[in-house]
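This report covers selected side-chain surroundings and one chain-level summary. Please read it alongside the sequence and structure shown here.

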Amino acid sequence: MPFWACVAGTLMIACERRNTAIPVHFGYGRTATEKEIATKAIAIRPDGKGLPAGSGTVQNGALIYAAKCASCHGTTGVEGPYNILVAPDTVDAPPFDQAPKRVKAIGNYWPYATTIFDYVRRAMPFNAPGSLSDNEVYSVTAWLLHANKLIGADAVINAKTLPGIVMPARRYYVTDSRKGGDGPYE
Amino acid sequence: MSQKMTRRRLLLGGAATAAVALVKSSFGKMVQTGIPETAFDPTKQVGPLPGVLGTRSPFEHPQRKPSLTSSQTPLQDLYGMITPSDLHFERHHAGVPAIDPNSYELMIHGMVDRPTVFSLADLKRFPSVSRICFIECSGNFRKPDKESITPQDICGLTSQSEWTGVMLSTLFREVGVNPKATWFLAEGSDAAVMTRSIPVSKGWEDAMIVYAQNGEAIRPQQGYPARLLLPGWEGNTSVKWIRRIELSDGPFMTREETSKYTEPVKDGKIRQFSFTMDARSIITYPAYPAQLEKGWVEIRGLAWSGRGKIRQVEVSTDAGKTWNAARLQEPVLDKAHTYFRYLWQWNGDTTAIMSRAIDETGYVQPGLQELIAARGIGTGYHLNPVTAWLIKRDGQVVYSPEKWK
């Protein structure tokens, strides 16, 4: 109902009902402050946006990994008992769709290096999530990348270098195209 | 022991002596051996008086089946389209967080005009909506291995509730989402601070922030005090215990949309953002461990699709040679479990029975071999094959495992 119809007085009730039906803005809630956004917005994007200051090295990462991760993921990242973090093969091994037993890990399956930082900082170590400093997360990320043969032993990982690491599995990623209907199964 | 005490207290009520006799005989053996007719006559004894909470009959024991990471709904023990809240499946990545509703907050920020923090009370003030829909984990599948597995084992990671909350579109308008925002991040407040990236279009279409399940506050295991609800999409995206939504111009590539919840498909490809749950159905009766007798049998089950309504369910009682339409229980809802029934006379011969769902897009639930042919033997997630139950000559009903090849 256009505004002039209301003014003209025709179907006034319908107009009013409509105008009160869905206010664009209810005014509930409070404004989020810059500060609380900055502390709570911890997600890291693949372009590196959100990565904090600080940095880490493979050497420091090795120490942190041995102390805080190895008990669950194995001394070299392949022994378990929980998720295998170091790929036992390279991205060119027989493709996953033909190899049901092939282990999926950072080096052969993860498409973005930034995901390692984001995930470890929020969720690991499993028994003390959120307990690592940003520098420790950078270091253990460096160690994981090195153990997966993606960076050299003396690489430094920080907000600049991490998003630049090209993950070999990325080129295999495709976006879902299933649509339902009676076409061929996908 | 504590369970015994509880039941005792429940049953005792005002009629102590006679009820104790019932409690005693009901422990362990009652169902198997039956009670002598004279053991207890409920018409001769006043029962427990009204209490503060209802209880299940002590004769009924529907139970979820928990593993370290999930807990499955006992589909074979249920009758209608709604899953009792305490039997809703569970899947989470770092346990169930304890959240105080008085300090709960949902922050919406990023590409919005008015970054806003909502309390639970704020969320409840908005116009509310209720809808019935299923939530299914995209890992809801078990590789065929043995005969002695139940519907719960095969696809117990799907459940259905009536959900109540506020449309996410209402909140999007409230904060003024920038038209250039294409994705949003949904973040939980569990110990995994679990995150998923969701296209903004789903937010405008039918996403909700829900705080109630089947008429009461949502259960902790389902996301108390509030969760995201994305009807028809893989359960992991309906982020529980939601604390933050960040509008953005691209996906965040979180661990749950890269390392997990992606599936290998043909030519070495890895399929990502496979949100929608394809149509599926399963016969929940008769199914293992049911025992059939010759004569009329009402075959019953559930069918659902993440793409809309179920149009038809077909049942085969001759191992897939011929198919007949089952009756659908009304109401048939969008993206919802739909109960179906098919009356059949079993003549005592060995056979296999199975169902297939057809949704309103015309999609027909595939067989396992069709899925493997389309995606490869190394695929995972989003497996929705037709499930067959073998009926043996002695009436034993068992799962009929197909080869994974």
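This is a predicted model: local features need pLDDT of at least 70, side-chain atom pairs count only at pLDDT 80 or more; totals for chains, interfaces and linings use all residues.

Residues are numbered from 1 along each chain as its sequence is written, chains are lettered from A and ligands numbered from 1 in the order in which they are written, and side-chain values use heavy atoms, with hydrogens and water left out.

Ser197(B) belongs to strand 9 (residues 195-199) of chain B; strands (E, at least two residues) and helices (H or I, at least four) are DSSP runs numbered from the N terminus. Ser197(B) counts as buried because its relative accessibility is 0%, the cut-off for buried being under 20% relative accessible area (1.4 Å probe, protein chains only). Two distances involve its side chain:

| Side chain | Partner | Distance |
|---|---|---|
| Ser197(B) | Glu257(B), side chain | 2.6 Å |

Phe141(B) sits in the loop between strand 6 (129-136) and helix 5 (151-155) of chain B. Beyond four places in sequence, its contacts are Ile154(B), Arg280(B), Leu368(B), Leu383(B), Pro385(B) and Trp404(B).

Chain A contains eight helices and four strands. Of its 186 residues, 41% count as buried.

Definitions and conventions: Buried means under 20% relative accessible area, exposed over 50%, partly exposed in between (1.4 Å probe, protein chains only). Contact means heavy atoms within 4.5 Å. A polar contact is a pair of N or O atoms within 3.5 Å; within protein, one must be able to donate a hydrogen and the other to accept it, and residues adjacent in sequence count only if both atoms are side-chain atoms.
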